[in-house]
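Subject: Structure handover

Dear colleague,

I am passing a structure on to you, and I would be grateful if you could look it over before reading my notes. The sequence and the model come directly below.

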Amino acid sequence: MTTPSRLHVMGILSLVIWTLILIVTVQYAWLAMSLGKKGEGGTIVLKEILVPMLKSGRQVAFVTLLSYIGISLLFGDGVIHPP
């Protein structure tokens, strides 16, 4: 077994960062944008359905905060239970 070097640590950090970038790109940019508004779920799609129905900016900010919390919980679940 070899001792960890700076190159090994940088390689592991690179893998972690690129994995997180790919998860965000695939899961949220591609998947959420491909969902329609015909009854499909998803935190981002539900927020986009609700925002035009709201009257005040305070309600929009509250729904946006709830959607951020929902997305954070989804990412946390992905970190705790990787596939």
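What follows is a short account of what was found, beginning with the chain as a whole and ending with individual residues.

Please keep in mind that this is a predicted model, with an average pLDDT of 79 over the protein chain and 80% of the residues scoring at least 70. Confidence is highest in helix α3 (residues 57-80), where the mean is 83, and lowest in helix α2 (residues 43-50), where the mean is 74. Where pLDDT is low, the predicted coordinates should not be read in detail.

The protein chain holds three helices and zero strands, so that, read from the N terminus, its elements follow the order α-α-α. Of its 83 residues, 10% count as buried, and the accessible surface of the chain amounts to about 7100 Å², with 74% of that belonging to carbon and sulfur atoms.

On the surface there is a nonpolar patch formed by V9, M10, L13, I17, W18 and I21, which together have about 590 Å² of accessible area. One of these residues, I17, is found in helix α1 (residues 6-34), and it counts as partly exposed because its relative accessibility is 49%, a value that falls between the limits of 20% for buried and 50% for exposed.

T19 also lies in helix α1, and at 42% relative accessibility this residue is likewise partly exposed. A polar atom of the T19 side chain lies 2.6 Å from the backbone oxygen of L15.

With best regards

Technical notes: Residues numbered from 1 in each chain as written. Heavy atoms only, no water. Patch = residues over 30% accessible without salt bridge, like charges linked within 9 Å, V, L, I, M, F, W, Y side chains within 5 Å. Areas by Shrake-Rupley, 256 points an atom, 1.4 Å probe, with all protein chains shown as cover. Salt bridge = Lys/Arg side-chain N within 4 Å of Asp/Glu carboxyl O. Helix = DSSP H or I, 4+ residues; strand = E, 2+ residues; numbered from the N terminus. Buried < 20%, exposed > 50% of the residue type's maximum accessible area, 1.4 Å probe, protein only. pLDDT = per-residue confidence, 0-100. Polar contact = N/O pair within 3.5 Å; in protein donor to acceptor, adjacent residues only side chain to side chain.
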